[in-house]
Amino acid sequence: MDMNIAELKEAFTASKSFYDDLNFPQGFSRSGHFTLLESELLQQHGHLLKSLHDEKLAPVNTYQRKFVEMLKNKRPPENRIEKIWHKYLSLTTRKHKIHTLSSQVKPPSHYESPKINEEQPVAEVSS
């Protein structure tokens, strides 16, 4: 049930652009998480979406009411705007797993330095 982009843009018209410098300091398009269209839609309509999400604004049309309903009822997103906001929320609210290439495994014995027996005296060299 993906609506026409022009129709969605009109339904979610925002007065100012949306930026999230905390989570995406290089911008949405350079983050690697969003396509160019997604980053453009998020930047153009994200301010309104965030206001609806935070309940600072009441929905004024059917699309906005469905958007708020999706947020409250936790139903899957249906249109492109809902999918983008869902993606944004999943990227900004989930815990990130970090994988490293180091390990806690002890190296094989042939990599260990030779152990010096401290009980045996060292022979003195005479000149």
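Modeller: What follows is a walk through the contact of helices α3 and α4, with its surroundings.

A word on the model before we zoom in. This is a predicted model, with a mean pLDDT of 82 over the chain, and 72% of the residues reach 70 or more. If you compare the helices, confidence is lowest in α1 (residues 5-11), at a mean of 84, while α2 (residues 36-53) has the highest, at 93.

Now the overall layout. The chain has 4 helices and 0 strands, so its pattern along the sequence is simply α-α-α-α. Of the 127 residues, 28% count as buried. Take contacts between residues at least 6 apart in sequence: 63% of them join residues at least 24 apart.

On to our pair. Helix α3 covers residues 62-73 and helix α4 covers residues 80-93. Their axes come within 11 Å and cross at roughly 35 degrees, and the crossing is right-handed. On the α3 side, the residues that meet the partner are Lys66, Phe67, Met70 and Leu71; on the α4 side they are Glu82, Trp85 and Leu89. Sorted by class, that contact has 5 nonpolar residues, 2 charged ones and no polar ones.

You'll find Leu71 in α3, and two of its contacts, Trp85 and Leu89, belong to the α4 side of the pair. Leu71 also touches His53. Those two are 18 residues apart in sequence, yet 7.2 Å apart in space, C-alpha to C-alpha. Is Leu71 buried or exposed? Leu71 counts as buried because its relative accessibility is 17%, and the cut-off for buried is under 20%.

Step along to Lys72, which also lies in α3. With a relative accessible area of 56%, Lys72 is exposed, since exposed means over 50%. Lys72 and His53 are 19 residues apart in sequence and 9.1 Å apart in space, again C-alpha to C-alpha.

One more step takes you to Lys74, in the loop between α3 and α4. Its phi is near 55 degrees, a positive value in a residue other than glycine. Lys74 is exposed too, with a relative accessible area of 71%.

Finally, back inside. The largest nonpolar core has 23 residues, and those with the most contacts inside it include Phe67 and Trp85, both of which you've already met in the α3 and α4 contact. Phe12, Phe28, Phe34, Leu42 and Tyr88 are also among the residues with the most contacts there. The elements giving two or more residues to this core are α1, α2, α3 and α4, and α4 gives the most, with 6. Tyr88 is worth a look as well: leaving out residues up to four places away in sequence, Tyr88 touches Phe18, Asp20, Phe24, Phe28, Phe34 and Leu42.

Definitions and conventions: Residues are numbered from 1 along each chain as its sequence is written. This is a predicted model: local features need pLDDT of at least 70, side-chain atom pairs count only at pLDDT 80 or more; totals for chains, interfaces and linings use all residues. Side-chain values use heavy atoms; hydrogens and water are left out. Axes are lines fitted to C-alpha atoms, for helices over the stretch in contact, and angles run from 0 to 180 degrees between N-to-C directions. A crossing is left-handed if the near helix is turned anticlockwise from the far one by less than a right angle, and right-handed if clockwise. Contact means heavy atoms within 4.5 Å. Ala, Val, Leu, Ile, Met, Phe, Trp, Tyr, Cys and Pro count as nonpolar, Asp, Glu, Lys and Arg as charged, and the others, Gly among them, as polar. pLDDT is the predictor's confidence in each residue, from 0 to 100. A nonpolar core is a set of buried Ala, Val, Leu, Ile, Met, Phe, Trp, Tyr and Cys residues joined through side-chain atoms within 4.5 Å. Buried means under 20% relative accessible area, exposed over 50%, partly exposed in between (1.4 Å probe, protein chains only).
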